[in-house]
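Work through the exercises below with the sequence and the model side by side, and try each task before reading its solution.

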Amino acid sequence: MDSGRNGGGPSVFRRDLLRSIGAAGLAGLAGCGGSEGVTDGDGTPAPTPVGNFPVSGDSVTFGFNVASSGAYSTAGKQEIRGFKLAVKHINNGGGWVTSEKYNSPLDGDGLLGKDVEFVVEDTGGSSDTARSNAQRLVDGEEVIMLAGGTSSSAGLANQEVAAQNQVIYMATMANTNSLTGADCNRYSFREMFNNHMAAEALAPALSDEFGKNANYVKIFQDNDWGQTLRDDMDAALGNVGWAPVWDTTAQVGTSDYSQYAADIKSVDFDVIVLGLGGLDAVNALRAFRDEFPESNIVLPMASREIAETAGGAIEGVIGTVAWSRAINSPLSNTFRETFREEYGSSTGSSKSAAPSGAAHIAYTQALQYASAVERAGTFNPIDVIGALEGHEYDAGLGPQTLRACDHQAMRQVPVVRGKSEIQQSYGTYYDLIGEPADVQYACDSGPAANCSLGGS
């Protein structure tokens, strides 16, 4: 557990007492006059407890539950850097907090008169570990906000615990449709685009690149994330005339993909589609590049972390990324520069100090929550939810909205092509293919059609 504390916090006893009493208990204690007679010590009415609200003391704590070990650790470590940078700017100013382009009520002096602390837990990429970590952060650390995920399974676990405990959850690199679809809930919000949006962004770009009526082989992870990505890619590619001619699934953690490559030697195909993430994607890219050096490869969910580890195997590979250094906008440039200033000296390398999409998503999510708190004027999660829902903002990719109907950000999706290993030596791994794609969908279609947020 990594902790970034500046001081004390509210007592566990006080929080448990408020939670056990609840709104009905407060009314009962007040007698027939209801809860208006209950005070918090200074003669003012005590607020109804919700999750870890109300808070006391001079600080509040954010809980960051990410994969800093395991197959997704390179992305998780970037998330931690993005989170820490956001907390620094919330407390001390800088970055987007002091940028007029961000249009935020934050002033760089903490949140509502309190310093922001943070505690980091390592999920290892495990949903069970993520779930137990999240509960510990809520109970033991009394976090006012939970963030992270790094993988879809861990993201779903985080969101489940957050809803059960009435704590807001800001998801990071969790792409599965169900997070803002069938499994959506009132307390969870996602900035990252989902599988459906990635597929819709890729299909026209792939049709332009490789033509219509192409044949493709496909390998997808054998889990919910992989299965929904497979279905979304098949639907989107079918709309541009592509047809699958061979497919299989792979277990998460597969290290040797040489047999998969050998299996398609006799198949007549134009493109290989790899619905894999983390080290699985790296291992597959290397195996297929060894067997088919000139093949056309699509990695629907690419990332800087995958490219950095895969090296030359990423050259020419087409996919989507959460954010790209190549995006030239005032907020994108500010994030890139402040990130490099913060982490460049500690690594001694401008390449390793460059931020990735995972860091950008984490930074965005922490500031989204903090800005909503300031707009609401309270840490009460019910009011903060209201401040987040329907909020229009810019996170460096142009205007976007955090929708009220499913808590999914309607944002643009960057489509990219992998650079050669020589070009990567300068710390850039992808070239943008055109402008980031606008793939908005209605609240009664796509994954949102299966979302029912329910009451508070």
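**Exercise 1. Locate E142, describe its backbone angle and decide whether it is buried or exposed.**

Step 1: E142 sits in the loop that runs between α3 (127-139) and β4 (145-148), where helices (H or I, at least four residues) and strands (E, at least two) are DSSP runs numbered from the N terminus. The model is a predicted one, in which local features need pLDDT of at least 70, side-chain atom pairs count only at pLDDT 80 or more, and totals for chains, interfaces and linings use all residues. Residues are numbered from 1 along each chain as its sequence is written, and side-chain values use heavy atoms, with hydrogens and water left out.

Step 2: Although E142 is not a glycine, its phi is positive, at about 55 degrees.

Step 3: The relative accessibility of E142 is 7%, so this residue counts as buried (buried means under 20% relative accessible area, exposed over 50%, and partly exposed in between, with a 1.4 Å probe and protein chains only).

**Exercise 2. Carry out the analysis of Exercise 1 for L112.**

Step 1: L112 belongs to the loop between α2 and β3 (115-122).

Step 2: Its phi is near 50 degrees, which is a positive value in a residue other than glycine.

Step 3: Because its relative accessibility is 31%, L112 counts as partly exposed.

**Exercise 3. Find the disulfides and state which parts of the chain each one ties together.**

Step 1: The structure holds 2 disulfides, a disulfide being a pair of cysteine sulfur atoms within 2.5 Å.

Step 2: One of them is formed by C184 and C451, whose sulfur atoms are 2.1 Å apart. C184 lies in the loop between β5 (168-171) and β6 (188-190), and C451 in the segment after β18 (437-438), so this pair ties together parts that are 267 residues apart in sequence. The link of C184 and C451 is right-handed, with 100 degrees about the S-S bond, and both cysteines are buried.

Step 3: Another disulfide joins C405 to C443, again with an S to S distance of 2.1 Å. Since C405 lies in the loop between β13 (399-402) and β14 (409-410) and C443 in the segment after β18, the pair ties together parts that are 38 residues apart in sequence. The link of C405 and C443 is left-handed, with -80 degrees about the S-S bond; C405 is partly exposed at 25% relative accessibility, and C443 is partly exposed at 37%.

Step 4: When the bonded cysteines are numbered in sequence order, the pairing reads 1-4, 2-3.

**Exercise 4. Identify the cis peptide bond and place its proline in the chain.**

Step 1: The cis peptide bond joins F53 and P54, with omega at about 5 degrees.

Step 2: P54 is part of the loop between α1 (12-30) and β2 (59-66).

**Exercise 5. Summarise the whole chain.**

Step 1: The chain has 13 helices and 18 strands, and buried residues make up 57% of its 456 residues.

Step 2: Among contacts (heavy atoms within 4.5 Å) with a separation of 6 or more, 70% are between residues 24 or more positions apart.
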